[in-house]
Amino acid sequence: MLRSVAFYSPCPFEEHLHHLFELECPPAVGILAQTTVIRCFFKNIKDIQILGVYLTKAEQKDPFFSQVGSKGSGDPRFSVEYLEDGPSLQISDTMFSDEGKYRYRVVTDSSVKEIQLSINVTAKYKDPVTSIWPEKVIDGGSASLYCNATGGYPEGFIHWFDRYETNWTVNSEMTKVPKNINGVKSVALSSKLTFKTINLGLEPFRCIVFNSKYVKDGENTLGIISAISDVNNNSSGSNTTNIVAGVMVIGSLIAGLLFALLCFRKRKDKDTFIIHSNGMDGPL
């Protein structure tokens, strides 16, 4: 069980004990609004009891967080976990203001050790948004593809790929706009890929956004609507309409001819009947 002790300045004996063990905390990288873990490891020692820890920002004099035994004080987002291999720190709901260098003082049952550690904070990019102009493209015509990504920090990159995984990024133009809103930093990315003569056989195109370490944060697929296909669809509809209209005209003509033929036959039969009637009424 951990024993609570009051923190005090090291005496000459403690300074001598500093060499009994080493403490190492590699640089940590946190993600905005997520939990950051700062791993710390003892070296050259196995059995050791941690009595308390104190964390101070490099530019400040007094600790802003401490934990003696199981009782912590200071910034509630910070906590320490007494693991077998060392006292690791955790930061919940990481902020950009957490970025920087710190002095980390660890008091054990054998000595006191103070080291310096650093924290960098990044922000993940949101999935990119894509668009194209013109909205309907002619195969072999000109077209501009757009991709925008926001919310990421530090500045990342946007790459373009076609359906065959060919990288078209070298043909694109990208702009980066740094922002800082109430201490929340980000770099908005905007990429434009222009074709003077586009081959629609290469679509769909993919826009992939990478963070500063070239790790993929998100992607979006951009399909292209062919203007030729649209024209063909309209032509097919017009042809169908024309065919139907033609059939209706022909049908009307046939119906008219049949009606005229029927009238003609009725009139002929009537004339024949009159001739026969007159012959019967004559002298024998």
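**Exercise 1. The pocket lining**

How do the residues of the lining of the largest pocket divide into nonpolar, polar and charged?

*Solution.* Start with the ground rules. This is a predicted model, in which local features need pLDDT of at least 70 and side-chain atom pairs count only at pLDDT 80 or more, while totals for chains, interfaces and linings use all residues. Residues are numbered from 1 along each chain as its sequence is written, and side-chain values use heavy atoms, with hydrogens and water left out.

Step 1: find the space. Rolling a probe the size of a water molecule over the atoms shows where empty space is left. On a 1 Å grid over the protein atoms alone, a pocket is an open set of points where a 1.4 Å probe fits, with protein on both sides within 12 Å along at least five of seven lines. Lining residues have an atom within 4 Å of a point.

Step 2: size it. The largest pocket has a volume of about 230 Å³. Here a volume is the space filled by probe spheres set on the points, with grid points joined across faces, edges and corners.

Step 3: list the residues. The lining holds 14 residues, and those closest to the pocket centre are Val 29, Thr 122, Tyr 153, Asn 211 and Ser 212.

Step 4: assign elements. Strand 2 (28–31) and strand 11 (112–122) are the elements that give two or more residues to the lining. Strand 11 supplies the largest share, 3 residues. Strands are DSSP runs of E with at least two residues, helices are runs of H or I with at least four, and both are numbered from the N terminus.

Step 5: classify. The lining has 6 nonpolar, 4 polar and 4 charged residues. Ala, Val, Leu, Ile, Met, Phe, Trp, Tyr, Cys and Pro count as nonpolar, Asp, Glu, Lys and Arg as charged, and the others, Gly among them, as polar.

**Exercise 2. Aromatic pairs**

Describe the pair of Phe 64 and Tyr 102, then the pair of Trp 168 and Phe 195.

*Solution.* Step 1: count. The whole structure has 8 aromatic pairs. Rings of Phe, Tyr and Trp (its six-membered ring) pair if their centres lie within 6.5 Å; planes under 30 degrees apart are stacked, over 60 edge-to-face, and the rest tilted.

Step 1: take Phe 64 and Tyr 102. Their ring centres are 5.8 Å apart and their planes meet at 50°, so the pair is tilted. Phe 64 lies in the loop between strand 5 (50–57) and strand 6 (65–68) and Tyr 102 in strand 10 (residues 100–108), so the pair ties together parts 38 residues apart in sequence.

Step 2: check burial. Buried means under 20% relative accessible area, exposed over 50%, and partly exposed in between (1.4 Å probe, protein chains only). Phe 64 is buried at 18%. Tyr 102 is buried at 1%.

Step 3: take Trp 168 and Phe 195. The centres are 5.1 Å apart and the planes at 65°, so this pair is edge-to-face. Trp 168 sits in the loop between strand 15 (157–161) and strand 16 (172–181), and Phe 195 in strand 17 (residues 184–195), 27 residues apart. Trp 168 is partly exposed at 22%, whereas Phe 195 is buried at 8%.

Step 4: widen the view. Ring pairs link Phe 64, Phe 65, Phe 78 and Tyr 102 into a cluster. The charged end of Lys 57 sits over the ring of Phe 64, 5.9 Å from its centre. The test for this is NZ of Lys or CZ of Arg within 6 Å of the ring centre and within 35 degrees of the ring normal.

**Exercise 3. Two serines**

*Solution.* Step 1: Ser 73 lies in strand 7 (residues 71–74). Ser 73 is partly exposed, at 40%. Ser 73 touches Phe 64, Phe 65 and Ser 66. Contact means heavy atoms within 4.5 Å.

Step 1: Ser 186 is in strand 17 and is buried, at 15%. Its contacts are Gly 151, Gly 152, Tyr 153, Val 177, Pro 178 and Lys 179.

**Exercise 4. Backbone exceptions**

*Solution.* Step 1: recall the rule. Most residues other than glycine have a negative phi, and most peptide bonds are trans.

Step 1: a cis bond joins Trp 133 and Pro 134, with omega about -5°. Another joins Tyr 153 and Pro 154, with omega about -10°.

Step 2: Ala 33 has a positive phi, near 70°, and is exposed at 53%.

How values were computed. Lists of a residue's contacts leave out its neighbours within four places in sequence.
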